[in-house]
Amino acid sequence: MDRYARWNTLLEILAETGRITVEEAADRLGVSQATIRRDFDQLSQQQMITRTRGGAVAGGISYDLPLRYKTARHVEEKHRIGTAAAGLVSPGQVIALNGGTTITEVARALATRTDLVATPGSTGLTIVTNALNIANELIVRPHLKVVVVGGVVRPQSYELIGPLAAPILREITLDIAFLGVDAIDMKLGATSHHEGEAAINALMAARARKVVVIADGSKIGGHAFARICPTDRVHTLVTDGNAPPEQLRGFEEAGIRVIVV
């Protein structure tokens, strides 16, 4: 387990339990107590936790972990989801991508699809995004037109949010909006931990002919603070085999196409 994977696990444990000792953490992660002490010290310096005598407490931690800590979670599932979602895109379309680790996998899969390169007399793929990390990965691909909306950067997700993003989104139309979400539930819809991200994502959904929700199985059936859109705005859900089957049946019965990878 590398450092970021350990940190991610420690933060998740603290989010659930509120506190943990060095000895307990070392046992759970299978590493030395010296390693855990260093991890705690480094996380404390970043104000992610509060050090105590012999351990750590949650401090100001929330479930909305910064993106750099989320990359170690469900890696294989996210890669498969990203590849499957990218397969829904046709040449010449205009699509939107919000932020997040799973959506980043969609972007990477799109970047390697040679069939999306524009031919004489045709239009190449246009990608609209509010995520700086995704734009950074895609701008080196000459066959892709990348449009970045304005806004204020949210460090946790690298997404641009706020009223400066809205004018651009209101003036464009999208074939597909690919939305990474923090949770999706049949009754509550697609949701995000942060209201600013939810507002921009909702605008993307409103400007799109189709909405494709991207979510690994751990997010199916859950809920977060701010709603992005109701379930009846979702056309397709792409997830993995860890999603609860009864939840997936509910989405299918509601007329949503469910792709499980």
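A nonpolar core here is a set of buried Ala, Val, Leu, Ile, Met, Phe, Trp, Tyr and Cys residues joined through side-chain atoms within 4.5 Å. Keep that in mind as you click around, and remember that this is a predicted model.

**Stop 1: the largest core.** Select Leu-179, Val-181, Ile-184, Val-213, Ile-220 and Leu-237 and show their side chains; of the 33 residues in the largest nonpolar core, these touch the most other members. Next, colour the elements that give two or more residues to this core: α8 (166-170), β9 (174-180), α9 (195-206), β12 (208-214), β13 (226-229) and α10 (245-253). Helix α9 supplies the largest share, five residues.

**Stop 2: Val-213.** Centre the view on Val-213. Leaving out residues up to four places away in sequence, Val-213 touches Leu-179, Val-181, Ile-184, Ala-190, Val-234, Thr-236, Leu-237 and Val-238. Hold on to Val-238, one of the members of a second, separate core of 25 residues, which also includes Leu-116, Leu-138 and Leu-144.

Stop 3: Now pick Asn-133, which sits in helix α7 (residues 132-138). Is Asn-133 buried or exposed? Its relative accessibility is 18%, and the cut-off for buried is under 20%, so Asn-133 counts as buried.

Stop 4: An unreviewed UniProt entry lists residues 3-58 as "domain: HTH deoR-type". Over residues 3-58 the chain is 64% helix and 16% strand, with 19 Å between the end C-alpha atoms.

Switch to cartoon and look for the strands. Three of them form an open sheet in the order β1-β3-β2, with antiparallel pairing. Both β1 (19-21) and β2 (50-52) are at the edges with a single partner strand each, so one side of each has no neighbour in the sheet. From one strand to the next, the twist averages 20°.

Zoom in on β1 and β3 (residues 55-57), which pair in the antiparallel sense over three bridges. To find a bridge, select Thr-21, whose partner in β3 is Gly-55.

**Stop 5: helices on the sheet.** Bring in helix α1 (residues 3-17), which lies across β1 and β3 and runs at about 125° to β1.

Conventions. Residues are numbered from 1 along each chain as its sequence is written. This is a predicted model: local features need pLDDT of at least 70, side-chain atom pairs count only at pLDDT 80 or more; totals for chains, interfaces and linings use all residues. Side-chain values use heavy atoms; hydrogens and water are left out. UniProt positions are given in the numbering used here, feature names are shortened, and annotations may be inferred rather than shown by experiment. Helices (H or I, at least four residues) and strands (E, at least two) are DSSP runs, numbered from the N terminus. Buried means under 20% relative accessible area, exposed over 50%, partly exposed in between (1.4 Å probe, protein chains only). Contact means heavy atoms within 4.5 Å. Two strands pair if DSSP finds at least two bridges between them. Axes are lines fitted to C-alpha atoms, for helices over the stretch in contact, and angles run from 0 to 180 degrees between N-to-C directions.
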